[in-house]
Every structure is written in C-alpha cells, then in structure tokens.
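Trainee: Could you show me how to read a protein model, feature by feature?
Mentor: Gladly, let us look together.

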Amino acid sequence: MKIGFTKKFGILFGVLLFVMVTFLSSSSYAASVGERLAEAEKGWHRYDDMDPAIKYEGSGWAYVTNEPNSVYAKTGHYMKLSGATTNAIKFKFYGTKLRIIDLYWTNRVNNVTIEIDGKVSTYNPNNPANLYQVLVFEALDLQPAVHEVKLTTNSTNNIFSLDAIDTDGKLVDIYTPMNLVASPGDGQVTLNWGQVQEADDYTVKYGTESGKYTETATATKDVYGNFVIPGLTNGTKYYFVVSAKVNGVDSKYSNEASATLQGGGGQTDPEQPTGNRAFLVVTMTTGLEKEFDLSMKEVNDFIAWYEGKQAGSGSASYVINKHNNNKGPFNSRKDYMLYDRILTFEVSEY
C-alpha cells in the first residue's frame with residue numbers, strides 16, 4: 001500500500017508539474033516601459049521609422065542606416081538640437097494600443113511630449129542605461145478609432161529621435177482624407193470629408209464602377225465640406241474617392257463612398273425599399289458596424305430622419321428599438337444613434 005501511494009503521488013506530481021510548465025510557457029509575456037523590445041509582441045505590428053506614413057516636420061532631420069544589432073531594421077530618425085527649434089513627428093493609426101520604440105541613451109533629450117487626439121503625456125529617453133530598441137512609452141485601452149499622434153520636445157540640446165512604432169492596428173497616412181461621405185441629389189452629389197489642415201488642395205476622382213475612376217475634379221483647400229459634383233446622370237450609381245495634395249505630393253485615396261442619384265428635381269428622398277423587412281447596417285465614424293433587423297416602416301423612418309437632419313432639421317439623435325435582440329431582465333433595449341457619428345448605412349431587404 002505504501003509503495004502504491006508513493007507511485008500515485010509521483011504520477012500526480014508529474015502531471016501537475018507538466019500543467020504548470022505548459023501554462024507558463026503558453027502565457028503571453030507583456031513587456032513593460034523601460035525594457036528592451038527587439039520585435040513586436042504577439043497581437044502587435046511594428047512600423048519602422050522610415051514608414052512613409054510617419055511625417056517629420058522641421059529642418060535638421062536625418063537618419064542612420066545599416067546599423068546592425070542596434071536600431072530596429074537598421075534605421076533610425078534623429079535631430080541634433082541646438083537652440084529652440086520647431087520640430088515634430090506626426091502620424092495617425094487605427095487601433096486601440098500604441099507603443100513608442102526608441103533609445104535609452106545619455107545623449108537623448110530629457111523630455112518628449114506625446115499628444116494622442118489632443119491628450120498630452122510625456123516620456124524621458126535620457127537614460128544612462130544606453131540601450132537600443134527600448135519601449136519608452138505605451139498607451140493602452142484606446143477607443144477603436146483613427147487616432148492622431150504628435151511628438152514634440154521643448155529641449156534645446158541633445159538628440160530627439162524615433163526608432164519604431166508598435167500598434168495593434170495599422171498606420172494611416174496622416175495626409176489621407178478621412179470619412180468621405182457622398183449624398184445624392186438631382187443630377188449631382190454632395191461630398192463631405194475630414195479636413196487635412198496641411199492640404200494645398202484636394203483631388204476628387206469618381207466613376208460608375210467601384211475602384212475605377214474616370215473623372216476628376218479639384219477642390220480648394222477650404223472646400224472639404226459640401227463639395228458638389230454636378231452634371232451627373234439620375235438613376236446611376238457613382239463611386240468617389242478624394243486625396244489631399246501637400247507640398248505638391250498627392251496623399252493616398254480616402255475611403256470609397258458611393259451614391260445613387262434619384263432625380264425629380266431638388267434634394268430628393270432616397271429610393272424606398274420594397275420588401276417587408278430588412279437588415280439595417282449602420283457604419284459609425286469609428287469603423288464600428290451596428291446591425292438591426294427591422295420592419296420596412298422602421299427603416300424608412302430612420303432614412304427620413306437621417307435625410308431631414310442632413311438638410312438641417314430634426315433631432316441630433318435617433319432611437320432604434322432592438323426588438324428581438326432584447327436580452328436580459330429588461331422591458332426594452334434601444335440604441336440611440338447620433339447623426340454626426342454615422343459614416344454610412346446599408347439596407348438589405350428580405
């Protein structure tokens with residue numbers, strides 16, 4: 001009996017040890033600020049300082065190349081400061097997490113201001129550790145949206161630099177117009193998009209096939225809202241993209257927006273669905289999609305509210321009843337849609 005007990009105990013201990021080792025080896029390690037991070041962790045994507053979506057403003061920027069066993073991808077941007085200067089590093093990204101990768105070195109600036117959507121934080125890369133590819137700053141639990149980031153420093157000496165950027169999403173060209181929306185009219189379409197402050201002007205391309213643009217129009221730098229494309233054919237669906245020209249260089253295209261012209265004179269109502277029910281899919285400006293299974297009356301009421309608000313009348317929000325999506329001990333569940341948060345919507349009849 002004693003021998004049997006010893007054997008059973010040994011087997012149980014071995015199983016427990018195996019489970020512990022397996023758990024520890026499978027657990028994801030999360031780096032902390034101040035640690036060297038030679039590559040992006042699982043679930044993150046790393047972008048080198050040479051990525052064209054990262055913009056370096058001010059004179060005096062330079063970069064090193066072919067630096068093995070030091071900076072990421074053997075490149076790194078830097079500026080040697082000598083007195084007060086105006087300089088900045090700017091980029092946009094879509095995601096919920098951000099990490100800045102740089103050096104801890106005694107010749108780095110002792111303060112960097114980082115603004116994320118206007119919210120200000122700071123970090124200090126001036127450190128005697130003298131390490132490459134250090135996680136010098138991170139922001140977690142951001143909203144799933146496009147975020148604007150700006151790095152600056154008020155130091156007047158030492159070196160201001162950047163090695164790489166990690167995010168759980170992707171970089172977006174800082175000069176690319178965002179949230180293009182097309183609204184149909186009689187023989188024309190009205191376009192609205194997010195302003196690019198540095199733009200010299202904008203180029204609008206459009207056509208009757210998605211991804212194929214045969215016509216071009218130019219909008220001045222101040223016309224990024226209510227830009228009208230006239231002379232279009234009623235009953236035809238058109239597809240639009242817009243790019244910004246900054247210092248003579250065109251940005252990447254915006255999202256593609258489409259609109260079907262209805263005709264009949266003046267601002268017209270959209271085509272009314274004819275089915276009994278439909279799925280209404282509303283895409284928010286954050287990229288989030290909300291789907292509702294509604295009657296055609298409810299869909300048409302939503303469209304009427306949206307078009308009325310677009311014309312300048314009506315309430316700022318609209319209530320959609322979730323009906324059978326009601327879960328939990330509630331009498332009802334309703335979704336309040338804000339007009340200025342809606343990017344586009346789609347109706348699929350059945």
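**Reading a helix, a charge and a core**

Mentor: Buried means under 20% relative accessible area with a 1.4 Å probe, protein chains only. In helix H2, the buried residues are Met 296, Val 299, Phe 302, Ile 303, Trp 305, Tyr 306, Glu 307 and Gly 308. This is a predicted model, where local features need pLDDT of at least 70 and side-chain atom pairs count only at pLDDT 80 or more, while totals for chains, interfaces and linings use all residues. Residues are numbered from 1 along each chain, and side-chain values use heavy atoms, without hydrogens and water.

Trainee: What should helix H2 span?

Mentor: Helices are DSSP runs of at least four residues, strands of at least two. The expected span is 1.5 Å times one less than the number of residues. H2 has 15 residues (296-310), so it should span 21 Å, and its end C-alpha atoms are 21 Å apart, which agrees.

Trainee: Which side chain of opposite charge is nearest to Asp 102?

Mentor: Lys and Arg count as positive, Asp and Glu as negative. A salt bridge needs a Lys or Arg side-chain nitrogen within 4 Å of an Asp or Glu carboxyl oxygen. For Asp 102, which is buried, the nearest is Arg 108, 5.1 Å away, and there is no salt bridge. Asp 102 lies in strand E6 (residues 98-104).

Trainee: Which residues touch the most other members of the largest nonpolar core?

Mentor: Such a core joins buried Ala, Val, Leu, Ile, Met, Phe, Trp, Tyr and Cys residues through side-chain atoms within 4.5 Å. Among its 28 residues, they are Phe 91, Leu 98, Ile 100 and Ile 114. Strand E9 gives the most to this core, with four residues.

Methods:
Buried means under 20% relative accessible area, exposed over 50%, partly exposed in between (1.4 Å probe, protein chains only).
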